[in-house]
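Please open the model in a viewer and keep the selection panel at hand. The stops below proceed one selection at a time.

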Amino acid sequence: MPAPTSRAVILGGNRIPFARSNKQYAKASNLDMLTSTIDGLVARFGLAGETIGEVAGGAVLKHSKDFNLTREAVLGSALSPTTPAYDIGQACATGLETVVSLTNKINAGQIESGIAAGVDSASDAPIVVNDSLREILLELSRAKTLAQRVRIAAQIRPAYLAPQAPSTGEPRTGLSMGEHQAITTAEWQISREAQDELALASHQGLAGAWDEGFFDDLVTPYLGVSRDTNLRPDSTLESLAKLSPVFGKRLPTPATMTAGNSTPLTDGAASVLLGSEEWAAERGFTPLARLIDAEAAAVDFVDGAEGLLMAPAYAVPRLLARNGLTFDDFDVFEIHEAFASTVLAHLAAWESEEFGREKLGLDGAFGTLDRAKLNPLGSSLAAGHPFAATGGRIIATTAKYLKETGKKRSLVSICAAGGQGLTAIVEAA
Amino acid sequence: MKDKYLELMGGPLGKIAKTLGLPQPVELQRFGSTPESYLRRPVLVLGSGSGAQTIADLLLDNGFEVRRHAAPDESLRAIIAVLDDVTSPSALSETVLGLGGAVRSLAKCGRVVTISATPDPTAQDPQVAAATQGITGLTRSLAHEMRRGATANGILLGRGVGIDAPSVASALWFLLSGKSAYVDGQFITVTSDAGAAVTDAEFLATGQAGPLAGRTAVVTGAARGIGAEVARVLARDGAHLIGVDMPQAGQALAQVMNEVGGKSLQLDITADGAADAIAEAADGTVDILVHNAGITRDKLLANMDASRWDSVIAVNIASQARINARLFETGRFAEGAQVVSLASTSGIAGNRGQTNYATSKAGVIGLTAASAGDFAALGGSANAVAPGFIETEMTAAMPPLTRQVARRLSSLQQGGLPVDVAETIAFLASASARGINGQTLRVCGQNMVGA
Amino acid sequence: MSMLPVYAKAVLKALPFGTRPGTDLPDRTIGRSIAIDATAYAGFAKVIEAPLRDVVHPGYLHVLAFPLSMQLLSDPAVPLPLVGMVHIRNRVDVLRPVRIGDVVDFHVSLAGPYAHPSGTTIDVEVTAQVDGETVLTETTTYLAKGKRLAGAKEQPQPEREDFVAPLPTARWRLDPIIGQRYAKVSGDYNPIHLNGLAARGFGFPKVIAHGMYTASRALAAADPRLESYRWDVSFAKPILLPGTVGFAFTEGARHEAADFAVFDPAKGKPHVLSSVTEVAAPTSSA
């Protein structure tokens, strides 16, 4: 069994409501949102002026000026300025990796408390200059004489001045995540209906949680937004069925992925408070849950040998095997809904004899999970997905869910760009 | 909202206003802005009985400069008329006339405090009742005659309460200090000998030495306005804060709580389970609870719809009653728990367009009075504070002329500040004030409304 | 080295005066010795999106030999006009890795002319040596479309397989500026890659991407990790800029011997077909 010592406990979380990009948070930077999120967490736990062991955070779309994003957020927050911080990045798994990394540090006795955080703005995204212009500008900055500068500057052509917007495309393939997933969707023959049903369940689950006040102590409003703006409580299968496909239109099979069963670009931030049991007890904080173990996996998607977002299908069996667990040992499955079909492809892979034998090296299929336990409070299809913030959202949500329902064990799974996946086991404390 | 008129009166325009007979409000001296020279001025204690001597001795013990007779040309910080032993209206003469002779010697923002028995027609001899009731008329009228920010208030001794009761001293410290700057023409009734004795220095201390040190205070509606200021003042006096507000106000609430080092609790106080959530946030039991959250949904009753009526009742009074009841029922009020609720002068005088609001606020007064027994049994207290015209975002939204008139309608000729309400709440939440129970104290600058 | 005089000469040669020599090509070999400069190579690597490593991409060696090729092809003795010649095939045998800092001796000569179903071709033969050891050989085939030469030698033509476009595993969005960027790092300032008017003059509706840009980028994406290999490229439809093209393997996989294609993902037509096959490294110097 992993985690020889598991002193680290999950104490709670805070996020701002997630907003569709270029809407309410259009002018908010990653730093703004992260600072506000940390401040909300600090207020919830009365930590103003305190020094936390370490704050770990990150963003997927990052400005170069944000090289020290998390530390800058700490300096702008109500925490003591003597709180150290560091940035990490693992694409969409960044948020979960901050939790894993700080949990490990607490378990190792390096720190007693930590705040795991993640933020992303698809609105205030960095715009980069054309590579040619960038090269010329860099040359210009290296030039020593006026004559050199004039000669170098003369190379600038009007066409170089057009800025390049960042894309969510994979750097090695130039395909967007949706286009990649469309190939996987077709390969696993995930139907449009199944995708729409999952999307509907996500909206219903999240709407129900909001209505019953589940997020009252997990979310702090921001800029006048007090609920996730992507949430459509009134979605129906009929309304979802009316949407036109947006991904997979170039494939020979019919396109099934729509704006309704894919996550939109979203702005937001999330954080999780972690501490050793002793630290929590000293402050009278009630532990909600603990992160028991985590497993990352990666697949070679570059030539299309495996789907870009399929890594969790490999990580989960390894994680469960190491912990001697099967799907039946879990009460909740929190599988990040990058796209409805991503989740469904993972389920299909685990249920596939062929995948089990050939890809996982098992005797047969890995297993079938109880769909009733899947994303009970909705997931990214409804909440939206500000990349690095999703891990914090899921961990805080599932930790509180375990505490409230008295359930025992949750499986968290997040797929990420670059063919990666990060998965974790969370148990009630 | 800045009171521009008040600012101008502090300048050359003050003289012109005097000539024209316009209101001449002065900037009130509050806690922290009271000059040292003022604090050094003597207090004149009038009254011939043993009660007067007790008060004089108390003041001396607490380092006050005390006079028993007015000295000519000596500027006074306060005059205390101790009338606890008066048995008939005609016996008032000597002390009252002495008071009248000294009133002109009061410094700017000086204080008059009368101390007398609570009028109690059901128990008192008719002559005594006439005298005690008479003193309230005297104090209120004198309050109207006060100038330059000075106030007149009374301390009333309940049946069987001695003048040496801890809460009498505590009320005195409150009334003599800048904390009561906007309390005028009011009476603080000490209902029992309960409460911890406190010195003036202890009453005025802050932080870990403050009167609320070591206690946890829950303040509802703490995100902004009066609630935010209550949180700040309670924190200043040493309390750990738990700020409660609607989830939608979470961002502002977080800011206030981080400022005072408190905890935020996003909660709809009308929801089932609100009391449990509050108790849980307070680590099991509630010690100080300030029912501040309130809303207005003004409309003439003829035009009132159900949602306006029901929501105001639900938030302003029903939630308070439900939370108190639930906390009692589950045994989650701490020993010595103190509750302070926000009433309003509208609840006392009524206000056009506010049938719903005035109902709820009058309801608070009733709830408070009726809860006193339960809290006394716990060794605690329940009181209400009724603010008059307070400069908040809510009053800033009033039409300018209405706002100006509303300000000048009080004896102090200005609106109060949220901190004035907060100071009164902090006083009523302190251990030394546990002998004050079931009362509603107005913080209104002696507003004509509801007088 | 500026290529502009070469182009000027080529244009002059294309004009309808001057002498038309016979069918023989000049049989001289010209040479050049160049040290691989890290900064210049880095510029090239960046444009074709190859990782910047110590080992030099063979496309860069093509670029270094290119001025010599042009010099030979623009020789008045060549019986075909350089202007309008189309690069249709390229074969490189990478025998040894060439590293940054190596001094490479290039020897370039012409072979042909050869008869081709669509005209006449000329091969440019490049041999690159480091310390006397042959590290790379290249055959670049140019087609003079519609020009027939009586004495052109017969040559077996490589089989044209029918191309069935696979699902693209990558998509490249190519901006017009890519022509200028590649021109800057390759020295190939052929105006059809730079200027819309010039491109129209040669019958293209827009500027087109350098063939060797596309081929080099495809090889970088395939990233062969073989000691010595043959890199065959055949150029089909030119890529009009701006444009989006698909990339996929049709056989094999990254790092291995493989076939891979750059194609029009909408119409399924190929732009550049490439293959990497392993060849045994020579045991002794050539």
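In this tour, helices, of at least four residues, and strands, of at least two, are DSSP runs, numbered from the N terminus. The model is a predicted one.

**First stop: chain B as a whole**

Select chain B, whose secondary structure comprises 17 helices and 13 strands. Viewed along the principal axes, the C-alpha atoms of chain B occupy a box of roughly 60 × 50 × 45 Å. If contacts in chain B between residues at least 6 apart in sequence are considered, 75% of them join residues at least 24 apart.

**Second stop: a loop residue of chain B**

Now select B:Thr270, which is placed in the loop between β9 (263–266) and α11 (274–281) of chain B. Then display B:Met246, which is 24 residues from B:Thr270 in sequence, with a C-alpha to C-alpha separation of 9.8 Å.

Show chains A and B together. Here 19 residues of chain A are in contact with 16 residues of chain B. On the chain A side, the residues comprise 7 nonpolar, 8 polar and 4 charged.

Remain with chain A and select helix α3 (residues 94–107) and helix α14 (residues 390–405), whose axes come within 5 Å and cross at roughly 60°. The helices α3(A) and α14(A) are therefore oblique to each other. On α3(A), the contact is made by A:Thr94, A:Gly95, A:Leu96, A:Glu97, A:Thr98 and A:Val99, and on α14(A) by A:Thr390, A:Gly391, A:Gly392 and A:Ile395. By class, this contact between α3(A) and α14(A) has 3 nonpolar, 6 polar and 1 charged residues.

Turn next to chain C, of which 14 residues are in contact with 16 residues of chain A. Two elements of chain C, β6 and α4 (177–186), each give two or more residues to this side. The largest share, 4 residues, comes from β6(C). The residues on the chain C side divide into 8 nonpolar, 2 polar and 4 charged.

Colour the strands of chain C to trace an open sheet of 10 strands, paired antiparallel in the order β1-β3-β4-β5-β2-β7-β10-β9-β8-β6. Which strands stand at the edges? They are β1 (30–35) and β6 (170–174) of chain C, each with a single partner strand, so one side of each has no neighbour in the sheet. On average, neighbouring strands of this sheet are turned by 20° against each other, direction ignored.

Within the sheet, select β9 (residues 258–263) and β10 (residues 270–278) of chain C, an antiparallel pair joined over 6 bridges. C:Asp259 has C:Ser275 in β10(C) as its bridge partner.

Helix α3 (residues 58–73) lies across several strands, including β3 (103–116), to which the helix runs at about 60°. Helix α6 (residues 211–222) also lies across several strands of chain C, among them β10, and runs at about 45° to β10(C).

Definitions and conventions
Residues are numbered from 1 along each chain as its sequence is written. Chains are lettered from A and ligands numbered from 1 in the order in which they are written. This is a predicted model: local features need pLDDT of at least 70, side-chain atom pairs count only at pLDDT 80 or more; totals for chains, interfaces and linings use all residues. Two residues are in contact if their C-beta atoms, placed from the backbone, lie within 7 Å. Ala, Val, Leu, Ile, Met, Phe, Trp, Tyr, Cys and Pro count as nonpolar, Asp, Glu, Lys and Arg as charged, and the others, Gly among them, as polar. Two strands pair if DSSP finds at least two bridges between them. Axes are lines fitted to C-alpha atoms, for helices over the stretch in contact, and angles run from 0 to 180 degrees between N-to-C directions. Angles under 35 degrees count as roughly parallel, over 145 as roughly antiparallel, 65 to 115 as roughly perpendicular and the rest as oblique.
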